[in-house]
Amino acid sequence: MLNLVSTTILLAAAAAAQDVCYSHVESKCSEPGESWTEGQCTSVHGGFLGNTNNLHRIIVDDFTDSISYLLMASTFNTDKKNHLGFHKYFMDKSDKMWARGKGMMEYVLKRGGKMGNAFQIPPLNSANSLSDLDYSNEMKSLAVSVDLLKKRAEDSLHASMHAFRKSDKQADRSNFSFDPTTSHLLEELSEEYSNEIRETSEKLNTLGRMVKKDNSRNMALHLFDQMLKA
């Protein structure tokens, strides 16, 4: 009987500790004034806050890569180089990365996160500059693309593992990051990157074998460009 009473008391105490939104509403409704603060009555829950740094970095990298692909695409649609297949291919990649960044931003906002006023693409004082990328020809552009995709895949895997890390929330509340919803989202993203890395590297190696022959290099580039444009 004593054990039953003790268990009931502990459950009641735990429930009271979790009713922070109700307590906030009760206190705010009874105080004078016309201002309202949301307090703990937000959509933030679980270990989401412990993952926000990783998610914000993914958003910035997605938008930065989108611009990188846009610059790549622009080099293949000029009066000097008119390879519309490569232009279309990298424009599609730019659109895909922009959609990924937008989708991740929507997820962060849905979970109660915020985007800071200093949000900038690329980040101010970033070590990675868009001008550092060499995409002066078709092979180099595909190689840069493979490297960018592998970096994004590694980032999403790292963030997924962080979101699935279990720890004692009461003992380490500031670093608590266990959030299955975020981990599942990032696992799906990692799978997308695996498929895209496979597809991009296949195109790179196929083109590499085609352009190694000097007497048919221009014809190979033309045929490959037509294939991408189809």
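Residues are numbered from 1 along each chain as its sequence is written, and side-chain values use heavy atoms, with hydrogens and water left out. Because the model is predicted, local features need pLDDT of at least 70 and side-chain atom pairs count only at pLDDT 80 or more, while totals for chains, interfaces and linings use all residues.

Salt bridges were counted where a side-chain nitrogen of Lys or Arg lies within 4 Å of a carboxyl oxygen of Asp or Glu. The count under this rule is 17. Helices are taken from DSSP runs (H or I, at least four residues) and are numbered from the N terminus.

One of these salt bridges joins glutamate 138 to lysine 81, with 4.0 Å between the closest N and O atoms. Glutamate 138 belongs to helix α5 (residues 138-163) and lysine 81 to the loop between α3 (52-74) and α4 (84-110), so the bridge ties together parts that are 57 residues apart in sequence. Burial was judged by relative accessible area (buried under 20%, exposed over 50%, partly exposed in between; 1.4 Å probe, protein chains only). Glutamate 138 is buried at 5%, whereas lysine 81 is partly exposed at 23%.

A salt bridge also forms between glutamate 196 and lysine 93, at 2.8 Å from N to O. Glutamate 196 lies in helix α6 (residues 180-211) and lysine 93 in helix α4, so this pair ties together parts that are 103 residues apart in sequence. Both glutamate 196 and lysine 93 are buried. The two residues also take part in a network of salt bridges that links Lys93, Arg100, Glu192, Glu196, Glu199 and Lys203.

Arginine 217 and aspartate 214 meet through their side chains in a salt bridge of 2.5 Å, N to O. Arginine 217 is partly exposed, at 37% relative accessible area, and aspartate 214 is exposed, at 63%.

Helix α7 comprises residues 217-229. Its 13 residues reach 18 Å from the first C-alpha to the last, close to the expected 18 Å, where the expected span is 1.5 Å times one less than the number of residues. The buried residues of α7 are Ala220, Leu221, Phe224, Asp225 and Leu228. These residues cover an arc of only 130 degrees around the axis, which puts them on the same side of α7; the arc is that of the directions from the helix axis to the C-beta atoms. An α-helix has 3.6 residues a turn, so residues three or four places apart point the same way. The cover over the buried residues of α7 includes α4, α5 and α6, with contact meaning heavy atoms within 4.5 Å.

Notes:
Helices (H or I, at least four residues) and strands (E, at least two) are DSSP runs, numbered from the N terminus.
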